[in-house]
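Have the sequence and the 3D view ready.

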Amino acid sequence: MKRKFLNVLGLLLVAAMLLTACGPAATEPPPPAATEAPAATQAPVATEPPAPVEKTITIGFTSSLTGSQEVSSKRQVAGFNLWMNQVNEAGGIALGDGSTVKFAAVTYDDESNKERVQELYTRLVTEDNADFLISPYSSGLTAAASIVAEQNGKIMITAGAAEDDAYKTGNTGLFQLYTPGSLYLISTVDMLKTLDPEAKVAIVHENDKFSTSVVEGLKPYLESQGFEIVLEEGYATETTDFGPVINKLVDSGATVLLGGGHYPDGSTFARQLYERKAGLKFISLLVAPADSKFPELGDAALGVSTSSQWELKATHTEEEAAALGIPWYGPTGEDFAAAYEAATTEKPTYHVAGGYTAGLILQKAIENADSVDPEKVKAALEAMDIFTFYGGIKFDTSPEAHGLQTSHQMVVAQWQKNDAGELVRQVIWPADVATADPLYPVPAP
Amino acid sequence: MQQFNLLLTSLPDGILLGFVYGLAAMGLTLIWGVMNVINLSHGPIIALGMFGTFFIFSRMGINPYVGLIPVAVFGLLLGILIYVVAVHRVINAPHLSSLLATFSVNMIIIGLGTAALTTSPFNVDFNAGGFKLGSATILGTRLIAALVAMLFTGGLYLFLYRTRPGKYIRAVANNRAAAELMGIPSTRILALSFGLGTMLAAVSGALIATFFPFSILAGGSYELKSFVIGVLGGLGNPIGALFGGLVLGVLEGIIPAFLETSWVPVIEFALFVVILLVRPSGLFGAKQ
């Protein structure tokens, strides 16, 4: 009985307290002074500066963990991740309003497949709410991703995508990092002009967007420089038997081969040229010889050249930027390479540098915009004219070619043997940054 | 005249390659001929054969042609295992069931292979020399691969026509019910046939790896070629597959002399459709 009474009394007390507590709030909000009073009396809290607001920006991209673009794509992503980790570990980007910006990446395996790319970029934008996008690796996959980015009004930094066309179709949110495909082999042709102006050139290339775009720029330039093109041949991406093509090449009387496409076909082509003793004086292939896996071909790699977006041995410097009168931004090439080697024990290739610089550009644009607002960042990208270890970065802002890279330049690299007989990639052009003379003609197998 | 020279230069390559294509297709067509199963795990098994050569030569330093023996044994045992685990239960079900069963095996091998080996291209840095024959360059690796393919074809022929298990296989292929009534252990014979088919696929992959790069996904294109060859030679006719392989190899050799290389698959698959329409039993006759 006594216990029942106590229970009822307790319930009544709780109900009374609830009514007391709720009554004034429901009818009249407490005066501001009442809520501020404790702060006024607690001196330590009042003098402590407000904690900076930390924003986390989501960057979305796909990578080719499987499929034909795997080798280069993984390197690009490794470079990007290095940049992101460095920025986050340094506390993020400080904005003028006191807030800091950190980055988180959302990424999926696109299987080197265009359909997967479109599906996944849609997911990145609509479900993962990515604030900014980085392109997948390769021009073909980037063209597919760019449609989704543009439809959704997202900014996409296109790393690893040199083909020109995507920037000439009215897109306004794409910003290209690489030297455009149409200018890819210009340095190589300039070098050939000094080495052997009488060279007979064969162009044998992969039938994909990137390589075709390179050839479209190469052909008129070769002709304007007085070179004779004795063969032009495309091959399918999945080609493994280059025997018939090499027979054609030899039959054409070519002395110089310019072409290739990506890693799998380029490395195969180089190996079979060596096995069949094609007897060429000079071989320049796209992409494949720029990869650190290329020397796995052994002697077949010797003398094979490539146009490279960046080489550590000829990395761009602050002095170069000062001489050009362009503001320098970011780490030195040596610091970048040391950080990458510390993280992976590998030397960085241009694909790694490209991935890193894609992040660096975004960082600079956010700093310049002092905001993460996409419109302000876009305006900052359009106004960008900087020099990094990777080279010049400036974008075309005309409606005809919006976002096309206009400042970055290529170097020519060639696999040569050092004194110890090991294959090393030397920079052979432009002459002012060359680390070795061109091996011309390449030694016969 | 220039194109005729080019044709003569490319022809030996095409013929040599054709023998290896034929060997790969023989495995596919043997399985179809004996048990009416289209083995969609054929491509990944070719790829496993390629990796067999890689590990045996590049990692263990053993001559890749000596390495064909363990690759063949592995292919045979793997085929028997696939038959027992995935195919046997659906052998009498509609074709779609066995198609899906072997497709599942295909996906499992590719999935495990991708996890373990990535999809990066691998190379076997093996060189067997070469020599000039007129204007053509004959590579040692291709010549030896063609000879090995011929050896395996001869061996298969002898096995099927001169040995008791081979005769059992032909009996089961002809009429399984009648063969069972004669006391032939059809389940074991079917498992053996599947094993032989996968063995041929693995060996062809091991040979291809001596001259072409590969990845775990590389078998897909050879599987497609095997279908074309199977239809050319007659699905179910292993010896016809060798001739089908030769036809395809020669086409791959001579088409680029006249057209861009990218036309090769277009013409190959156009031929595939034409043969299906005009002579569905194949150029060399198929199992009735």
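## Two helices side by side

H5(B) and H8(B) run roughly antiparallel to each other, a label that goes to angles over 145 degrees. Helix H5 (residues 140-162) of chain B packs against helix H8 (residues 186-208) of chain B at about 165°, and their axes are 10 Å apart. Axes here are lines fitted to C-alpha atoms, for helices over the stretch in contact, and angles run from 0 to 180 degrees between N-to-C directions.

Who makes the contact? On H5(B), B:Ala145, B:Val148, B:Ala149 and B:Phe152 do, and on H8(B), B:Leu200, B:Val203 and B:Leu207. Being in contact takes C-beta atoms, placed from the backbone, within 7 Å. By class, that's 7 nonpolar, no polar and no charged residues. Ala, Val, Leu, Ile, Met, Phe, Trp, Tyr, Cys and Pro count as nonpolar, Asp, Glu, Lys and Arg as charged, and the others, Gly among them, as polar.

## Where the model comes from

This is a predicted model: local features need pLDDT of at least 70, side-chain atom pairs count only at pLDDT 80 or more, and totals for chains, interfaces and linings use all residues. Residues are numbered from 1 along each chain as its sequence is written, while chains are lettered from A and ligands numbered from 1 in the order in which they are written.

Chain A has 14 helices and 15 strands; helices (H or I, at least four residues) and strands (E, at least two) are DSSP runs, numbered from the N terminus.

In chain A, 29 residues are in contact with 29 residues of chain B. Chain A's touching side has 8 nonpolar, 11 polar and 10 charged residues.

Methods
Contact = placed C-beta atoms within 7 Å. Parallel < 35°, antiparallel > 145°, perpendicular 65-115°, else oblique.
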